[in-house]
Amino acid sequence: MGVIEPKKLNALRVAGVSDYSYADADGNPQSMDLALTGGGGRLKTVDLTDPYNPQPLATVKDALDKEVVSYPYDITLNKETGLAIVSTLSAIQVVDVKDPKNPRLINTITQLPNSSGATTPEGSPAMIPIGTIPAMAEKDGWLYMADQTKGMRTMGINTNDIRVYNESNIQVPEIGYSKGGEDDRRYYVEVKYEDPDINCNDDDLVGSMVIKTRKGAVVNPLPGIDHPTQYLLSFRKGSDEHCYADLKKTITSPTNKRFIATNFPAADLTLTTVDGMAIAPVFGSIGTKAIFEFSNRKDGRLMRRKNIPLEKLIRIAFDGNRDGKIRFDDPEDKKYTFWVNDDHDTGPDVRNAEVGLFDDDIYSSASDANDTEVDQINTLRDLEDFAQVHIQIDEHARNVIKFLTAPHDTPPPVFSYQLQFKNVNGTNPSLNLFEAVTDGTKYLSEYKTALLQLYNKRIVTIDSVNVSDLPANVLMGTGASHFIFEGKSSGTGDLTISLKSDGVDIEENSAKLDLKPITWFYDKYQVAYDDLAKRVLTSYTTRKGDYQPKNNDYIFYVHGWNMTNGEVEKERWAETMFKRLWWSGYTGKVGLFSWPTLEGALTFDESEIRAWNSSEAFKNLLLSGDMTKYQGKIRLLGHSMGGIVSGETINKLPGPGIVHTYIATQAALSAHYYDNTITEKSLAAKIPGTVITANIFGYYMSGNETSSDKPYLSSSTQKAKHINYFNRLDFALSRGDEGYAAWELNSLTRPDFPYSYVPLGSIHLNGLLPLYLPDDRYEVFSRIIQSRAKAIGAVSSAINNFYNDNNKDLKVLFDYDTKHYSHSRQFRSTIIQEKGYWKAIMSDFRLTSSY
């Protein structure tokens with residue numbers, strides 16, 4: 001740490017800037033890290049370029065060359081204007097630091113016009129004391145002042161400016177390179193000032209434009225290319241009374257009103273004028289800024305210095321706004337948030353024509369991104385954990401590199417490209433980079449492209465500790481070079497691409513990448529089972545993800561029965577849902593509602609009781625303060641037995657306006673819970689004499705089919721939009737006419753031992769203990785009552801009060817078959833195979849895609 005002793009510099013207030021540009025005594029461009037300090041009644045400039053050895057430069061003086069007395073409350077320093085603003089007890093002091101070694105007080109402001117608009121008898125604005133300004137901020141020539149009695153006040157402090165316009169008369173923040181063909185790549189310069197004593201001509205004004213590299217040194221001419229680095233300005237008043245600064249020192253003409261920034265020799269430019277005299281080629285080499293300035297020739301006072309960036313000749317960008325397009329000039333594409341690939345996807349090696357099922361190995365602790373033994377992407381399922389990044393080397397940079405690496409009398413420089421995370425703030429993000437087969441996300445939607453992507457090997461691993469070389473052959477083609485990457489470890493930093501010459505940086509560019517654990521992207525709400533009290537709790541625990549979506553849409557995934565390996569499979573399927581919604585353009589929030597299903601083949605009915613009882617905690621969640629801002633935009637995706645949790649939760653809500661849409665997908669509950677007119681019979685109903693219990697599902701509570709009782713869940717359809725995703729031949733629910741499945745067989749064999757049903761009086765018993773409706777309804781539903789209808793997830797009929805036009809036949813639309821795998825294929829197979837399913841989810845939830 002560097003220290004300046006108090007006897008050399010008494011600093012109570014300080015403001016600083018990096019890379020401050022100024023001209024030395026000989027007029028040569030220089031730069032430093034500069035600070036202005038206040039303390040001991042004096043203002044001083046300090047050179048901070050070497051932070052271990054800061055150097056005091058000079059004390060601020062006035063026009064009489066006397067040291068200025070100042071006791072500052074706050075200081076601002078602007079490297080564009082070369083001005084420092086100091087607030088004191090009762091004044092604002094304006095200090096010119098354009099020459100840091102000779103800072104000067106140029107104005108002291110003690111009064112401001114009365115904001116009420118009051119005037120003096122002579123008609124002049126009434127002035128009031130400026131008062132005490134304890135804090136302030138300055139931007140673009142405006143000072144924003146905190147005031148203890150008046151709130152915040154603003155004041156213009158600089159009327160001088162330099163502006164660059166393109167041929168469309170649009171002021172540009174950056175000068176782009178051109179070969180001479182695009183109108184918007186031709187520029188002119190306007191200067192603005194308010195001083196009636198200064199005329200817009202070369203007698204009163206003098207100025208220049210200097211091209212600088214990113215390290216601050218003057219660009220050296222390239223061999224064989226006439227390459228001046230300083231262009232003098234000539235001033236003229238236009239017919240519109242504006243003051244224009246033309247380039248005076250150029251290759252093709254003494255004075256030019258327009259200029260083009262280029263790396264190409266003048267002979268290679270295509271100019272629209274016959275003689276090429278109206279447009280000046282400005283040769284920028286590989287640099288990052290042009291420094292404009294103009295001065296009052298009468299007294300030598302620098303009126304304005306301004307840095308205008310030159311277009312980056314090496315570019316990097318992501319699809320930050322997730323619109324399916326990567327634009328190097330879009331600020332949103334200069335930052336991206338993505339997840340670390342920390343799951344373990346499995347499946348057949350389709351490169352070798354293997355066949356089999358894809359899945360997420362929930363028992364493995366391996367991470368796909370850390371598989372150092374394999375340099376290729378293992379399986380098609382893994383592709384959803386990869387995102388795009390584009391890198392481009394501009395044609396101008398390529399031209400310069402090609403010229404410099406051609407045979408010369410001296411050995412040519414060695415150019416290289418390197419990648420590294422910078423500005424990581426104590427984190428260590430890392431990623432694996434692969435060359436993309438093509439632009440865009442076809443690797444996630446087209447089988448042929450995805451298959452080809454599996455053949456591409458990892459190019460490089462990038463982190464914040466090591467500098468990774470990027471082979472030049474993957475960058476030197478025309479246009480952008482396309483890559484995909486997987487997050488290897490979490491962290492935040494600037495993914496930086498550097499162009500080096502003999503190991504020295506001559507250009508770099510970066511885009512911010514935030515790599516997060518996948519759990520950061522979604523919420524998890526978990527309800528537990530109290531083993532001692534033998535009941536599901538009505539409260540829940542919360543793990544909130546920090547992901548902040550663009551809108552308040554919220555989708556809950558409610559899982560089904562027999563989720564294995566504790567909470568792991570529940571979380572992995574929720575994560576798969578999030579990823580596939582992300583790649584479908586979903587920009588809202590995702591939550592997992594985890595309820596305490598049991599594991600094992602003989603736990604279905606006991607788990608069903610838990611599912612019904614978990615609805616109380618879910619209802620409490622949906623009505624809680626955590627969900628207030630999402631209410632009316634909440635969607636539920638209830639899978640298999642999760643259909644019981646979801647359906648009963650909606651049933652318990654006080655009314656509509658909380659849940660927007662509920663999609664029951666392969667739901668494992670009787671269709672008669674919603675519609676007692678469904679005629680698609682269960683296996684039990686097909687066998688004469690098998691059904692012995694009353695149809696309480698369809699005629700709650702009596703079970704009497706001649707009564708006016710309604711289906712138990714019929715009123716829930718008035719509280720949210722209901723849609724059914726079904727497969728008539730679902731393995732877990734029904735095999736149609738081909739046989740039975742677990743759900744139908746389970747219904748056939750009820751009542752469970754020791755439960756029983758006595759038709760006379762419609763008595764439900766648990767052993768010798770009677771069960772009563774409605775208090776014991778969940779136990780009666782789950783242990784005693786047989787379903788006369790198929791499960792709703794196997795019913796193709798229209799269901800009363802469902803949005804039946806939106807119902808989806810998973811067999812017809814997406815080829816879900818009779819195998820066990822298809823009961824949960826949307827969570828297990830590849831994103832390529834399941835793209836239709838998730839597109840339908842987006843559509844039926846009435847969600848707008850960002851693509």
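1. Helix 3 (residues 568-582) packs against helix 11 (residues 835-844) at an angle of about 75°, and their axes lie 10 Å apart. Helix 3 is therefore roughly perpendicular to helix 11, a class that covers angles of 65 to 115 degrees. Axes here are lines fitted to C-alpha atoms, for helices over the stretch in contact, and angles run from 0 to 180 degrees between N-to-C directions. Helices (H or I, at least four residues) and strands (E, at least two) are DSSP runs numbered from the N terminus.

2. The model is predicted: local features need pLDDT of at least 70, side-chain atom pairs count only at pLDDT 80 or more, and totals for chains, interfaces and linings use all residues. Residues are numbered from 1 along each chain as its sequence is written, and side-chain values use heavy atoms, with hydrogens and water left out.

3. In the helix pair, Met577, Arg580 and Leu581 of helix 3 meet Trp838, Ile841 and Met842 of helix 11, contact being heavy atoms within 4.5 Å. By class, this contact has 5 nonpolar, no polar and 1 charged residues (Ala, Val, Leu, Ile, Met, Phe, Trp, Tyr, Cys and Pro count as nonpolar, Asp, Glu, Lys and Arg as charged, and the others, Gly among them, as polar).

4. Lys808 is buried at 14% relative accessible area, and Asp844 is buried at 2% (buried is under 20%, exposed over 50%, partly exposed in between, with a 1.4 Å probe and protein chains only).

5. The whole structure holds 46 salt bridges. Through shared partners, Asp345, Asp360, Arg381, Arg572 and Glu575 form one network. Another bridge joins Arg163 to Asp161 at 3.1 Å, N to O; Arg163 is partly exposed at 24%, whereas Asp161 is buried at 14%.

6. An open sheet of 5 strands has the order 24-34-33-28-31 with mixed pairing, where two strands pair if DSSP finds at least two bridges between them. Strand 24 (335-339) and strand 31 (468-470) each have a single partner strand, so one side of each lacks a neighbour in the sheet. The twist averages 30° from one strand to the next. Strand 28 (residues 415-422) pairs with strand 33 (residues 491-501) in the antiparallel sense over 8 bridges; Leu419 has Ile497 in strand 33 as its bridge partner.

Terms used:
A salt bridge is a side-chain nitrogen of Lys or Arg within 4 Å of a carboxyl oxygen of Asp or Glu. Angles under 35 degrees count as roughly parallel, over 145 as roughly antiparallel, 65 to 115 as roughly perpendicular and the rest as oblique.
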